[in-house]
There are 2 protein chains.
Amino acid sequence: MTSFHPPEVLLLGPGPSPVAKRVLDAMARPTIGHLDPRFVGMMDELKELLRYAFETGNTLTVPISAPGSAGMEAAFVNLIEAGDKVVICQNGVFGARMRENVIRIGATPIMVNDPFGMPIDLEKTEAALKANPGVKALAFVHAETSTGVESDAAALCKLAQEHGALSIVDAVTSLGGIPLRVDAWGCDAVYSGSQKCLSAPPGLSPLTFSDKAVAALKSRKTPVQSWFLDLGLVMNYWQGSGARAYHHTAPINMLYALHEALLMFKEEGREAAFARHRQNHLRLVAGLATIGLDLLVAESARLPQLNAVKVPEGVDEGAVRKRLLTDFNIEIGAGLGELAGKIWRIGLMGTGSTAESVDRVVHALGVCLGARRA
Amino acid sequence: MTSFHPPEVLLLGPGPSPVAKRVLDAMARPTIGHLDPRFVGMMDELKELLRYAFETGNTLTVPISAPGSAGMEAAFVNLIEAGDKVVICQNGVFGARMRENVIRIGATPIMVNDPFGMPIDLEKTEAALKANPGVKALAFVHAETSTGVESDAAALCKLAQEHGALSIVDAVTSLGGIPLRVDAWGCDAVYSGSQKCLSAPPGLSPLTFSDKAVAALKSRKTPVQSWFLDLGLVMNYWQGSGARAYHHTAPINMLYALHEALLMFKEEGREAAFARHRQNHLRLVAGLATIGLDLLVAESARLPQLNAVKVPEGVDEGAVRKRLLTDFNIEIGAGLGELAGKIWRIGLMGTGSTAESVDRVVHALGVCLGARRA
């Protein structure tokens with residue numbers, strides 16, 4: 001067995017996205033102690049950078065030391081208790097995962113279902129909240145990675161507020177790619193992933209809790225069922241003034257990487273990053289049209305960072321993906337769940353959202369499809 | 001705000017341990033997709049390397065995508081259900097954490113307590129197992145990071161077997177530093193951390209389950225309370241033949257690092273690594289004696305990789321640690337829990353276990369203490 005030397009692949013799938021050399025270099029700097037004062041200073045900067053990305057002043061804004069799925073679980077296990085009712089909007093694979101989380105807590109999920117490829121229906125959601133007084137939270141996915149659909153997070157959070165419910169927002173694929181105005185929209189619990197539009201390696205889950213969410217956490221009747229994800233304990237480490245209480249050993253080098261990726265995001269500027277994602281998405285849509293490919297999602301609900309492309313009739317989608325990877329060093333994603341075999345998912349996330357990425361993938365897809373048709 | 005440039009620190013605390021340049025370089029290689037066939041090939045090698053380190057043939061041998069604390073939680077939430085009884089041996093801080101895990105599952109912990117600094121008492125443990133028929137598991141810490149004590153894991157696992165209980169072994173600090181013969185000793189669930197004697201950066205938790213533990217997992221009456229840590233789902237990704245089921249996005253670059261660190265461990269050889277840890281421990285004990293310092297733990301139970309050193313009467317232990325860090329770029333650890341203020345913890349773990357490390361820390365401690373006495 002020998003050292004692993006991965007190839008250089010242009011990552012245009014649903015994540016991980018391409019990680020800049022600058023971020024990889026930051027991650028490879030010397031490991032220091034998780035209680036070292038220099039490290040603690042970096043943690044403070046990291047929290048500030050996360051607040052910039054989330055557009056929030058929330059005190060409880062930290063990276064969870066595990067991937068986005070753990071961020072989702074952290075949001076649910078800290079806010080929801082056995083017996084609580086939670087309205088979950090499902091319009092893709094990740095809504096189903098929220099349901100799993102709620103059930104495993106012993107709480108009751110109330111599902112609002114929309115077809116894969118459609119945004120969440122506000123009227124149905126409002127009806128569910130009205131029909132179920134005392135709902136603890138409204139949970140939804142802002143940017144559905146499985147379908148490429150954006151839902152109206154501002155309106156959904158407003159609905160939650162109007163019905164006295166907390167909002168739990170899955171922003172795994174939205175953070176850094178499209179506006180996510182946590183404070184302005186009144187989102188209560190929001191989690192994301194490091195490996196999508198922030199373009200850090202996978203493994204961390206940025207999370208932010210509003211004061212209302214923190215108050216809900218503090219007034220729980222039962223302990224959080226996960227010790228590792230108990231934000232009351234995590235906060236003692238991330239927010240301790242002076243002597244920080246040891247909870248778990250922070251993933252030092254991964255945090256270096258996230259710090260650097262967030263710094264790059266701030267240097268570019270939020271709005272500039274969103275505009276770039278939008279512009280390259282439009283370039284992709286135009287390019288795909290030239291080779292006869294169309295998108296699954298209606299224009300008004302399309303995510304610029306995650307493009308669900310319809311597989312033409314008679315095309316073996318797996319063979320095309322395989323050829324893109326082996327002949328062109330480009331990774332794109334398959335469909336998930338009920339969309340398996342029906343769509344490709346082309347991610348233009350973070351540093352992967354460039355005109356060059358678009359041109360390379362359109363060219364390569366054109367060659368693969370042309371070859372099939374010939 | 002600018003890029004973070006950590007200083008070079010000789011990490012001789014309770015972890016993280018020094019990470020070799022070779023491992024940092026591996027981690028900084030290009031990120032590829034978590035379903036890429038090249039990555040899947042690396043995953044297979046990684047499982048083999050973990051089996052070598054754990055001395056096991058267990059099929060279910062994987063790195064959990066989060067730090068050691070999550071590895072602990074994974075072991076408990078997958079094997080223990082509400083209403084189960086678990087005997088927990090506590091002789092340090094991490095036994096208390098096991099108790100927390102068991103309580104949060106709704107199971108009943110039966111505590112066997114020994115003083116901090118002493119190994120687990122086998123007779124008391126046997127008595128607890130005898131007094132509580134039907135115990136689901138016996139849980140203990142092999143190498144107590146908070147005290148520097150080794151307990152007799154082989155004998156404890158044998159006791160568990162004799163009483164029809166599963167053994168849950170915390171090997172966070174033992175794996176790679178002292179023998180941990182999972183198959184020979186009949187350990188059922190064993191978890192560790194990447195940042196101790198394996199000298200990878202923190203953030204991953206190697207874990208192995210015996211066939212008996214897997215059978216227990218499969219015959220659960222209730223779902224695992226954590227979705228993220230549900231090993232039934234994790235296995236579908238790590239062990240799937242052909243199409244691997246997506247569970248969460250693996251922490252790609254961290255896994256590169258662990259692969260490289262395990263490869264270094266295998267190149268050196270298990271027994272050679274254990275001998276090196278032992279040799280440098282003896283060098284440290286001898287060196288400390290020359291400056292009037294003694295160890296907390298009796299010789300027979302001392303961990304070579306984690307040395308609890310008694311703070312001399314009248315010495316401000318925090319000031320000494322601070323000076324070691326600022327003047328000598330050496331990190332050592334403070335006491336935890338009831339040993340806070342009473343001991344220093346000097347780790348000689350993984351690549352940190354060298355004669356040079358020993359000589360540097362003994363010299364620096366001598367200077368600090370001499371200066372105080374003068």
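**Entry 1: the two domains of chain A**

I started with how the domains touch: in this predicted model, 22 residues of domain 1 of chain A are in contact with 21 residues of domain 2 of chain A. On the domain 1 side, I found that helix H11 (270-290) and strand S11 (306-310) of chain A are the elements giving two or more residues. I then sorted that side of domain 1 by residue type and got 13 nonpolar, six polar and three charged.

Next I looked up where the domains run. The assignment for chain A puts 10-14 + 270-373 in domain 1 and 21-266 in domain 2. Going by C-alpha atoms, I noted 27 Å between the centres of these two domains of chain A.

**Entry 2: H2 against H10**

I moved on to a helix pair in chain A. The axes of H2(A) and H10(A) cross at roughly 40° and come within 9 Å. Parallel or oblique? That angle makes H2(A) oblique to H10(A). I also jotted down that the crossing of H2(A) and H10(A) is left-handed.

Who meets whom here? From H2(A) I listed residues including A:Phe39, A:Met42, A:Leu46 and A:Leu49, and from H10(A) they meet residues including A:Leu255, A:Leu258, A:Leu262 and A:Phe265. A:Glu45 in H2(A) and A:Lys266 in H10(A) are also among the residues of this contact. By type, the H2(A)-H10(A) contact splits into 13 nonpolar, one polar and two charged residues.

**Entry 3: chain A meets chain B**

Then I checked the other chain. I found 61 residues of chain A in contact with 61 residues of chain B. The elements of chain A that put two or more residues into its side are helix H1 (21-27), helix H2 (37-54), helix H3 (68-79), helix H4 (93-105) and helix H10 (252-268). Which of them gives the largest share? H10(A) does, with seven residues. The chain A side comes out as 29 nonpolar, 20 polar and twelve charged residues.

**Entry 4: how the copies are related**

Technical notes: Residues are numbered from 1 along each chain as its sequence is written. Chains are lettered from A and ligands numbered from 1 in the order in which they are written. This is a predicted model: local features need pLDDT of at least 70, side-chain atom pairs count only at pLDDT 80 or more; totals for chains, interfaces and linings use all residues. Two residues are in contact if their C-beta atoms, placed from the backbone, lie within 7 Å. Helices (H or I, at least four residues) and strands (E, at least two) are DSSP runs, numbered from the N terminus. Ala, Val, Leu, Ile, Met, Phe, Trp, Tyr, Cys and Pro count as nonpolar, Asp, Glu, Lys and Arg as charged, and the others, Gly among them, as polar. Axes are lines fitted to C-alpha atoms, for helices over the stretch in contact, and angles run from 0 to 180 degrees between N-to-C directions. Angles under 35 degrees count as roughly parallel, over 145 as roughly antiparallel, 65 to 115 as roughly perpendicular and the rest as oblique. A crossing is left-handed if the near helix is turned anticlockwise from the far one by less than a right angle, and right-handed if clockwise. Domain bounds come from an automatic or database domain assignment.
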